[in-house]
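Keep the view open as you read.

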Amino acid sequence: QLVETIRRMAATLHEQSKRTPMRATQTEVMFGRIGAEQGMKSLSFELPNNRKVEVRGKIDRIDQMAIDGKNYVGIVDYKSSDHDFNLSDAYQGTTMQMMTYLDAVKRNLDTITGDKDAQIAGALYLHLSNPKLAFKEILKLASDDDFLEALLSKEKYKGILVDDSVLIDKLDSKIGVDGYGKSTIYPFGKKKTDGAAMANSRLIRVSDLTLLLRHTEKLIKNAATRIFEGETDLNPAKWTNQRTALQYSPFKSIMQFDPLLTENKYHEIT
């Protein structure tokens with residue numbers, strides 16, 4: 001199964017590369033110090049009482065694209081299960097990884113590209129899988145090209161892209177031919193009527209992304225401050241659909257969290 005998945009993903013990456021000028025330029029990119037290795041500059045924040053917190057990590061892939069003299073940089077995070085960007089979870093701080101990676105890239109754009117005016121393109125997840133088509137889906141396909149499109153649509157990137165007309169117009173060459181349609185690679189589409197983004201496109205304005213990154217930095221600083229203050233309460237997240245952070249954890253017996261005890265409280269995510 002692993003070999004088949006690798007073959008399928010290799011074919012997918014090859015097909016995707018034929019449809020977009022976006023190219024993977026770096027993989028396993030470190031920021032901060034991990035062990036004896038020093039990567040790009042870490043995220044470093046000053047805290048009260050002359051303390052500070054430094055955030056380190058490793059980004060699976062950095063993509064770059066040059067259009068009309070503008071350099072765009074995006075990140076891709078490989079996942080073994082299906083993931084998508086959730087604005088509410090990013091705001092609440094329950095999924096900070098992607099925004100933290102993006103913040104690290106933004107602070108190191110000059111190092112990555114050699115261009116201080118380079119711009120962020122977006123942050124995307126790629127589910128490493130060997131997708132299957134249901135029989136009723138296959139019946140609707142008229143050709144081998146349709147079969148390929150159907151497979152690609154099941155393996156398309158999820159996440160967010162910056163709402164930049166130059167970027168969106170050039171990102172998927174298949175859409176660029178007609179000027180409209182739904183991308184089978186990236187999470188956006190363009191209307192036939194006026195070329196505007198489809199309602200389900202995952203686009204974010206630059207100003208909103210800046211605010212979101214600033215909010216993520218605030219969450220990191222708040223968390224680090226509470227750690228220094230000795231806050232160690234068991235407080236696992238619980239969402240409105242009753243899903244909890246402990247639901248699939250193999251460490252329940254170690255955590256010893258029992259919501260029936262008055263001292264144990266869930267962190268209710270609204």
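Q: Does threonine 244 count as buried or exposed, and why?
A: The model is a predicted one. Threonine 244 lies in the loop between β13 (237-238) and α10 (252-255). Its relative accessibility is 12%, and the cut-off for buried is under 20%. Therefore threonine 244 counts as buried.

Q: Which residues does threonine 244 touch, not counting residues up to four places away in sequence?
A: The loop that holds threonine 244 runs between β13 and α10. Residues up to four places away are left out of the count. The residues that threonine 244 touches are Ala237, Lys238, Trp239 and Tyr266.

Q: How many helices and strands does the secondary structure of the chain come to?
A: The chain has 270 residues, and buried residues make up 40% of them. Its C-alpha trace spans about 60 × 45 × 40 Å along the principal axes. The secondary structure comes to ten helices and 14 strands.

Q: Among contacts between residues at least 6 apart in sequence, what percentage join residues at least 24 apart?
A: Take isoleucine 59 and threonine 27 as a case: they are 32 residues apart along the chain, with C-alpha atoms separated by 7.1 Å. Among contacts in the chain between residues at least 6 apart, the part joining residues at least 24 apart is 66%.

Q: Which residues have the most contacts inside the largest nonpolar core?
A: In soluble globular proteins, nonpolar side chains tend to be buried together. The largest nonpolar core here has 52 residues. One of its most connected members is leucine 209, which is in contact with residues including Met99, Leu102 and Ile204. The residues with the most contacts inside the core are Ile75, Val105, Tyr186 and Leu209.

Q: Why is helix α3 described as largely enclosed by the rest of the structure?
A: Helix α3 covers residues 97-107. Its buried residues are Met98, Met99, Thr100, Tyr101, Leu102, Asp103, Ala104 and Val105. Helix α3 is largely enclosed because the number of its eleven residues that are buried is eight.

Q: Which residues is leucine 213 in contact with, leaving aside neighbours within four places in sequence?
A: Leucine 213 lies in helix α9. At 4% relative accessibility, leucine 213 counts as buried. Leucine 213 and threonine 100 are 113 residues apart in sequence and 7.5 Å apart in space, C-alpha to C-alpha. Leucine 213 is in contact with Met99, Leu102, Asp103 and Lys106.

Q: Which element gives the most to the lining of the largest cavity?
A: The structure holds one cavity of 30 Å³ or more, and the largest cavity has a volume of about 70 Å³. By class, the lining has eight nonpolar, two polar and one charged residues. With four residues, the element that gives the most is β8.

Q: Which element supplies the largest share of the lining of the largest pocket?
A: About 510 Å³ of space lies in the largest pocket. Of its 16 lining residues, the closest to its centre are Ala223, Arg226, Glu231, Asn235 and His267. Both α2 (87-92) and α9 (206-228) supply at least two residues of the lining. The largest share, six residues, comes from α9.

Q: Is the aromatic pair of tyrosine 157 and tyrosine 186 stacked or edge-to-face?
A: The structure holds three aromatic pairs. In this one, tyrosine 157 and tyrosine 186 lie 5.4 Å centre to centre, with 15 degrees between the planes. The two are 29 residues apart in the chain, and both are buried. Planes under 30 degrees apart count as stacked, and the pair is stacked.

How values were computed. Residues numbered from 1 in each chain as written. Predicted model: local features only at pLDDT ≥ 70, side-chain atom pairs only at ≥ 80, totals over all residues. Heavy atoms only, no water. 1 Å grid on protein atoms, 1.4 Å probe; cavity = no way out; pocket = protein on both sides within 12 Å on 5 of 7 lines; lining within 4 Å. Points joined across faces, edges and corners; volume = space filled by probe spheres on them. Nonpolar A, V, L, I, M, F, W, Y, C, P; charged D, E, K, R; others polar. Core = buried A, V, L, I, M, F, W, Y, C linked by side-chain atoms within 4.5 Å. Buried < 20%, exposed > 50% of the residue type's maximum accessible area, 1.4 Å probe, protein only. Contact = heavy atoms within 4.5 Å. Phe/Tyr/Trp six-rings, centres within 6.5 Å; stacked < 30°, edge-to-face > 60°.
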